[in-house]
Amino acid sequence: SKSGRTIGQYLRDEAFVPLQIDDEIYFGLPVNQDSFPDERRAKLDAMSSLENLWPTGALPEGLMSKLLLQPNSYVGRAFRNPQLSSMPSLMDFDRREVLETEIPAANSVATARAVATMYRAAERAINATQRATTARPDGSNTTSTATATAATSVDSNNALGLSQKALDRCLQPAKPGRCNGWVEEVFGLECCIGAGFILSAPPPNNKEEEHSRSGDGTGAGAGRFLATPNGFGTGGAGGSFGYCDPDTEIAYAYVMNRCGQFIFEDPRDFVLRSKMYEVVQELRRNEGGQASSLLNLEKLNTPHYLCKRYMDAHPELAPL
């Protein structure tokens, strides 16, 4: 930043401290182990070396061959940064010297509560702004400048003082890229990406695509894309995931130390989220919610086709 702060220092000052989670989330562990002893950190348990070659069905087709045979490919370079062992492994990120290094989008150490608190700050700010929007007699909406400023100022509903422009960017629908459409270069999967987040999937375009969205990698809608159920968020290596769903007023995070192979939407995370949405649906029904307030559980609980393929092969992982 202009003040000379590193990205970790900036996030601590501007986000972690205001949200009172500065003792639960770190972007670069303190070098002084007295400030954060190793006993506080859950140790990773991940595949290493040639174990990654075992065909589990969790990885996209061709990813491992690119990783091994094309080291200069995008995936080869991404998975070898840093490369501290002969074969790229998540266990490299269990080393203290790596975790003390600030690597953007790679090695934050946090509790699930801290990650969810970050997304809750965005969810509260978005819904505070929406509640400040007033309806005109003709059915259109308008928000006065004063009201919008109040809704995005620093208060209990917007602890980070997120601007309306920043919130609007997070809520923009995903769009295909100019060169490769929906295909993301590193993993070779169709992804919904925007504003630095994974976004929700676009709706199917027609009935044919509607019926093909259940998980074969074709068509459109849920199941085809790496996407959040709704809203915006991002996954982490090994199966972690955090996002906020403003429509449902949910901020969610799942973290683990037993790492899976999934790039996104680990079955363990998926079944927890499915149950969470079912509970929210039941609460809304019990509160007398109208049909318009009920959730589209079919869309929200449709897994990505790689996750579905894995659960079909391992029925013990299917939702109860």
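Q: In this predicted model, which residue forms a salt bridge with arginine 273?
A: The closest N and O atoms of the pair are 3.0 Å apart. That is within the 4 Å cut-off for a salt bridge. The partner of arginine 273 is glutamate 265.

Q: Is arginine 273 buried or exposed?
A: Buried means under 20% relative accessible area. Arginine 273 has 2% relative accessibility, so the residue counts as buried. For arginine 273, the answer is buried.

Q: How many salt bridges does the count come to?
A: A pair counts when a side-chain nitrogen of Lys or Arg is within 4 Å of a carboxyl oxygen of Asp or Glu. The pair of arginine 273 and glutamate 265 is one that forms such a bridge. By this rule the count is 20.

Q: How many residues apart in sequence are the parts that arginine 41 and aspartate 94 tie together?
A: These two residues form a salt bridge, with the closest N and O atoms 2.8 Å apart. Arginine 41 sits in the loop between β1 (25–27) and α2 (63–69), and aspartate 94 in the loop between α3 (74–79) and α4 (96–99). The pair therefore ties together parts separated in sequence by 53 residues.

Q: Which residues are linked with Arg41 and Asp94 in a network of salt bridges?
A: Arginine 41 and aspartate 94 form a salt bridge. Both residues are buried. The network also takes in Asp38, Arg96 and Glu100.

Q: What is the distance between the closest N and O atoms of glutamate 123 and arginine 124?
A: The two residues form a salt bridge. Glutamate 123 is buried at 3% relative accessible area, and arginine 124 is buried at 16%. Their closest N and O atoms are apart by 2.6 Å.

Q: Which side chain of opposite charge is nearest to glutamate 184?
A: Glutamate 184 lies in the loop between α7 (164–170) and β5. The residue is buried yet has no salt bridge. Beyond four places in sequence, glutamate 184 touches Leu189, Cys191 and Ile193. The nearest side chain of opposite charge, 9.1 Å away, is that of lysine 66.

Q: Which residues touch the most other members of the largest nonpolar core?
A: This core has 26 residues.

Q: How many residues are in the second, separate core?
A: In soluble globular proteins, nonpolar side chains tend to be buried together. The second core is separate and includes Ile126, Cys170, Phe225 and Cys244. Its residue count is 15.

Q: Which residues is leucine 226 in contact with, leaving aside neighbours within four places in sequence?
A: Contact means heavy atoms within 4.5 Å. The partners are Leu189, Glu190, Cys191, Cys192, Ile198, Ile263, Phe264 and His304.

Q: What is phi of alanine 195?
A: Alanine 195 lies in the loop between β5 (193–194) and β6 (197–199). The residue is partly exposed, with a relative accessible area of 34%. Its phi is positive, in a residue other than glycine, and is near 55 degrees.

Q: What is the phi of glutamate 249?
A: Glutamate 249 lies in the loop between β8 and β9. At 45% relative accessibility, the residue counts as partly exposed. Although glutamate 249 is not a glycine, its phi is positive, at about 60 degrees.

Key:
Residues numbered from 1 in each chain as written. Predicted model: local features only at pLDDT ≥ 70, side-chain atom pairs only at ≥ 80, totals over all residues. Heavy atoms only, no water. Helix = DSSP H or I, 4+ residues; strand = E, 2+ residues; numbered from the N terminus. Buried < 20%, exposed > 50% of the residue type's maximum accessible area, 1.4 Å probe, protein only. Core = buried A, V, L, I, M, F, W, Y, C linked by side-chain atoms within 4.5 Å. Lys, Arg positive; Asp, Glu negative; His and termini not counted.
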